[in-house]
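Please have the structure open while reading.

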Amino acid sequence: MPVGVSLSQLIAESPEPLVSGIELLDEALGGGFQPRSIYEIYGPPGTGKTQLGISLVERSQGPTLWIETFQTLPTSLLSPKAKQHCFRTRCTKFTQLLYLWQTLSEPYPLVIIDGLSQLLCDHMNHLEQRSSGLNNLHDTKCKHLATLFTAITKYAHQTSSTVLLLNHCMNTSHLNGALAPFEDGSYFLVTSTAKRNVQVLRSALVASGVAMGPRDSRWECFLTRRIALFWQWDPSSSARNKPNKSRIAILTTPARRDAVQVPCKVQQTLHVIQDDVVWDSEG
């Protein structure tokens, strides 16, 4: 899509990818998180989304922008060096976030939006309450997200930035066999032989309650990759002992049904943190 940047300029000024330090994840991403790209990371609370974002802030070679929504960045987990180049701002409304991206001009090699899905859910519920005659909330959601991602894409291409979305996930239910294989992979489906509903965890941008529908590809095309973080439980572990678990990442490309599953041991920050500490409600 045209964003006012020539192809020769993109090739000449392309910076190196931002590595996460997780070898298999970086390999699956083609060397790391690429510039001029938008990535979404989603999953249940406690799977390490915030931790992964902090790890990328630590590794970024330039100033970073962390956009808070309803959760405050745990700055105590940042190293002194990272605190100096990590700038924060807060948006509590979807319209505030859209205005920020439409006016943002200062270049940040890394921008993280923590909780876009929460803003979207609040925004759609607000529209539903104010506009009882609104015919199709799903179409409205897709239009608003497409407008937002157009502004983000323009900024990312002009500044060679990497944009990272940290989002919740939500359950969705569909009839068995009603749809093609889910992008998250059948591994996470809870199914039965009876003709009953099945539940699958998907990004809350898709499963946004009142605005679900089939036309999310209108805005998903702006995403370079989607990364789902989950815990994989060892079924052989004894019920009397603490179950063994490992973190895995499932990488998908919007508009395609391919899925790559890799172990994802998120690196700790420079601070010593116990395993049983809850980072925050976003993980």
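A crossing of two helices is called left-handed if the near helix is turned anticlockwise from the far one by less than a right angle, and right-handed if it is turned clockwise. In this predicted model, helix 6 passes helix 7 in a right-handed crossing, whereas the crossing of helix 5 with helix 7 is left-handed.

**Overall composition**

The protein has 283 residues, of which 49% are buried. Its secondary structure consists of eight helices and 10 strands. Of the contacts between residues at least 6 apart in sequence, 68% join residues at least 24 apart.

Two packed helices are described by the angle between their axes and the distance between the axes. The table gives these values for both pairs.

| Pair | Axis distance | Angle |
|---|---|---|
| Helix 6 (residues 116–130) and helix 7 (residues 137–159) | within 11 Å | roughly 135 degrees |
| Helix 5 (residues 94–103) and helix 7 | 9 Å | about 30 degrees |

The axes of helix 6 and helix 7 cross at roughly 135 degrees, and helix 6 is therefore oblique to helix 7. On the side of helix 6, the contact is formed by L116, L120, H123, M124, L127 and E128. Their partners in helix 7 are L137, T140, K141, H144, L145, L148 and F149. By class, the residues of this contact comprise eight nonpolar, three polar and two charged.

Helix 5 and helix 7 pack at an angle of about 30 degrees; because angles under 35 degrees count as roughly parallel, helix 5 is described as roughly parallel to helix 7. Helix 5 contributes F94, L97, L98, W101 and Q102 to the contact, and these meet H144, L145, T147, L148, A151, I152 and Y155 in helix 7. Here the division is nine nonpolar, three polar and no charged residues.

H144, L145 and L148 of helix 7 take part in the contact with helix 6 and also in the contact with helix 5.

**Confidence of the model**

The mean pLDDT of the protein is 80, and 75% of its residues reach 70 or more. Over residues 174–196 the pLDDT stays under 50, and the model shows 38 contacts for this stretch beyond four places in sequence. Residues 269–283 likewise have pLDDT below 50, with 38 contacts beyond near neighbours in sequence. Where pLDDT is low, the predicted coordinates should not be read in detail.

Technical notes: Residues are numbered from 1 along each chain as its sequence is written. This is a predicted model: local features need pLDDT of at least 70, side-chain atom pairs count only at pLDDT 80 or more; totals for chains, interfaces and linings use all residues. Side-chain values use heavy atoms; hydrogens and water are left out. pLDDT is the predictor's confidence in each residue, from 0 to 100. Contact means heavy atoms within 4.5 Å. Axes are lines fitted to C-alpha atoms, for helices over the stretch in contact, and angles run from 0 to 180 degrees between N-to-C directions. Helices (H or I, at least four residues) and strands (E, at least two) are DSSP runs, numbered from the N terminus. Angles under 35 degrees count as roughly parallel, over 145 as roughly antiparallel, 65 to 115 as roughly perpendicular and the rest as oblique. Ala, Val, Leu, Ile, Met, Phe, Trp, Tyr, Cys and Pro count as nonpolar, Asp, Glu, Lys and Arg as charged, and the others, Gly among them, as polar. Buried means under 20% relative accessible area, exposed over 50%, partly exposed in between (1.4 Å probe, protein chains only).
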